[in-house]
Each structure stands twice: as C-alpha cells, then as structure tokens.
Amino acid sequence: MHNTKTKRVVLGIVKYALMSLLAVILLFPFFMMLTRSFMTWKEATSVPVKVFPESLNFSSYAEAMNADFFVYFKNTLIVLAVNVIGGTLSAYIVSYGFARIRFKGNNILFAIALSTMMLPGIVSQVPLYVAYSKIGWLNTLLPLTVPQLFGGGMVNIFLIRQYLRSIPQSYNEAARIDGASELRTCFEVILPMVKPVILLTAVNTFMACWNDFTTPLMYIDSTAPEQFTLAVGVYYRFLGAISNKDKAPNVQMALCVLMMIPSVAVFAVFQRSLIEGVSLTGLKG
C-alpha cells in the first residue's frame, strides 16, 4: 500500500514537471517577444542576445501606433462587426430553418450544403476573385463582409443546427398556440436557449477574422492601402513588405504584442463559455 502511494506521488511529480517544461518551451517565444518590445533598437540588435531590457522603453509602441495603424484598426473593426454580428445572426437564422421548420427536401438541402465543407478553400478562391473583380469589389472591404451575411459559413450552421435539434419541438408548438409568429419564436423563445453555441460561434468568428491574413491580402493590394486590415497593413507598412526593410525589431515585437492582445483578452473572458459551448454541442449533437 505504501509503495503504491509512493509510486503515485512520483508519477504525479514527473507528470507536472514535464508539463511545466513543455509550458516553458511553448511560452518562451512569447516571453522574448514581450521583453524585446520594451527594448531600444540597440538592445534588440545587440550580440549576444539580451533577454531583459535595461529599462522599460515604450517608444517602440509609440512608433508602432502611428496614423496608419489606426486606419488599419478601424477597417478591422468594421470587418469584425459585420462578421461577428451579421455572420453569427445569419448562421443562426439558416440553422433555425434547417432544424426547426419542417419542409419538403429539408434533409436533402442540408446534405448538399454540408457537402460544401468537403471542398478545400483554395478551390473557390479563383472563382470568387473573378466574380468580385467583375462587380468591382476588389480593393474594398466588401468581399470581407458581405458574403458573411448570407449564412455565416457552413461550419457555424452545422454547429448551431446540431444544438437546435436537441431542443424539443414542443417549445415551437406552445409558442404557435399562444399566437407567436415563427420569427418571434425564433428570436424570443429559441434564441435564449442556444446562447452557449451562439457565443462559441461569435468568438470563433472573431478569432478567424482578427487573424485572417490571406483573404484581405488576396482582394486588397498595395494600390489601396487605406483599405488594409490590420494584419495586412502591419505586413505591408511595418514589417518591410514595401518599405522600411530595416525596421527596428523592437517595433516589430511591439506590433506583434498589440496584435496578440485582443485574441488573448477575448479567450480569457469567454474561456468558460467556450468550453461550455463545445461540450454541450458535442453532447447534444
């Protein structure tokens, strides 16, 4: 009995030691990014490499957050607002139609829509680019916003539909008996019940839009810098894609820290709700 208890303690110590080591390895690049963002140009380029700054220097953040930075940030907020609010709402409405309204061909239409998830994203990029070019949407924010208002993405529709299917149809029948329209039932009766998966969808959409680099890069080129989102603007104007190829590494690290803060903050605030949404979606699907 004593040997078993000792063995369990030793295994626990080894397990936590390995987990701590892996955490240090994974977090070390972020730690270096943070400390170098507070260094001067001389400290950031010194040899041997310095781990800690001699003193906290905020000039790199001041240089990073210039007028262009705030233009890119404004464009990103517009894209985020439309995608997170409009995309999530449209995904819920489509999901509600598939899950709660009985009509002929419901399952067939959903299967066809679901099959689009099997197509790699690269397959649709060229046709979409040609279509947006024909209607004059290139070098604008329209390709990054308008499509999300028409369903919000099949992955989101699938997740919300699976959650909606777990809610008894008796709620709809009771609302119908009380004289509620389908639209009122959708938003006043059913919507409050699916709050966890709606929140999960909204946060996932936020993360995807905030970190999206390839999509705005495809539709917005260097001739329209006033339309850049933050990810593309940082690449072009701050990290040396067009000019300033010798941009100070401390400024680059400051930009990376600024780009990381919103994602970390959103995840920290909604972590519990995200876990609840994922677990409930899996159980109720």
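**Questions on a predicted helical chain**

Colleague: Among contacts in the protein chain between residues at least 6 apart in sequence, what percentage joins residues at least 24 apart?
Modeller: Contact means heavy atoms within 4.5 Å. When contacts between residues at least 6 apart in sequence are considered, the part that joins residues at least 24 apart is 73%.

Colleague: What kind of model is this?
Modeller: Residues are numbered from 1 along each chain as its sequence is written, and side-chain values use heavy atoms, with hydrogens and water left out. Local features need pLDDT of at least 70 and side-chain atom pairs count only at pLDDT 80 or more, while totals for chains, interfaces and linings use all residues, for this model is predicted.

Colleague: How many helices does the protein chain have?
Modeller: Helices (H or I, at least four residues) and strands (E, at least two) are DSSP runs, numbered from the N terminus. The number of strands is 0, and the number of helices is 14.

Colleague: Is the protein chain more spread out than a compact globule or less, and what is its radius of gyration?
Modeller: The radius of gyration is taken over C-alpha atoms, and the globule rule is 2.2 Å times the number of residues to the power 0.38. For 285 residues that rule gives 19 Å, and the value for the protein chain is well over this, so the chain is more spread out than a compact globule. Along the principal axes, its C-alpha atoms fill a box of roughly 75 × 75 × 35 Å. The radius of gyration itself is 24 Å.

Colleague: What distance separates the centres of domain 1 and domain 2?
Modeller: The bounds come from an automatic or database domain assignment. Domain 1 covers 2–27 and domain 2 covers 59–276. Taken over C-alpha atoms, the separation of their centres is 40 Å.

Colleague: What percentage of the 285 residues counts as buried?
Modeller: Buried means under 20% relative accessible area, exposed over 50%, and partly exposed in between (1.4 Å probe, protein chains only). By this criterion, the buried part of the 285 residues is 36%.

Colleague: Which residue is joined to Val 47 by a cis peptide bond?
Modeller: Most peptide bonds are trans. Here omega is about 5°, which describes a cis bond between Val 47 and its partner.

Colleague: What is the phi of Asn 139?
Modeller: Asn 139 lies in the loop between α6 and α7, and it counts as partly exposed because its relative accessibility is 23%. Most residues other than glycine have a negative phi. Asn 139 is not a glycine, yet its phi is positive, at about 60°.

Colleague: Which residues does Thr 140 contact, leaving aside its neighbours within four places in sequence?
Modeller: Thr 140 is placed in the loop between α6 (121–134) and α7 (142–145). The contacts of Thr 140 beyond four places are Ile 220 and Gln 227.

Colleague: Is Leu 141 buried or exposed?
Modeller: Leu 141 also belongs to the loop between α6 and α7. Not counting residues up to four places away, it touches Asn 75, Ile 78, Val 79, Ile 220, Gln 227 and Thr 229. With a relative accessibility of 12%, Leu 141 counts as buried.

Colleague: Which residues does Ile 198 touch, not counting those up to four places away in sequence?
Modeller: Ile 198 lies in helix α11 (residues 195–211). Because its relative accessibility is 17%, Ile 198 counts as buried. The residues that Ile 198 touches are Thr 88, Tyr 92, Ile 160 and Leu 191.
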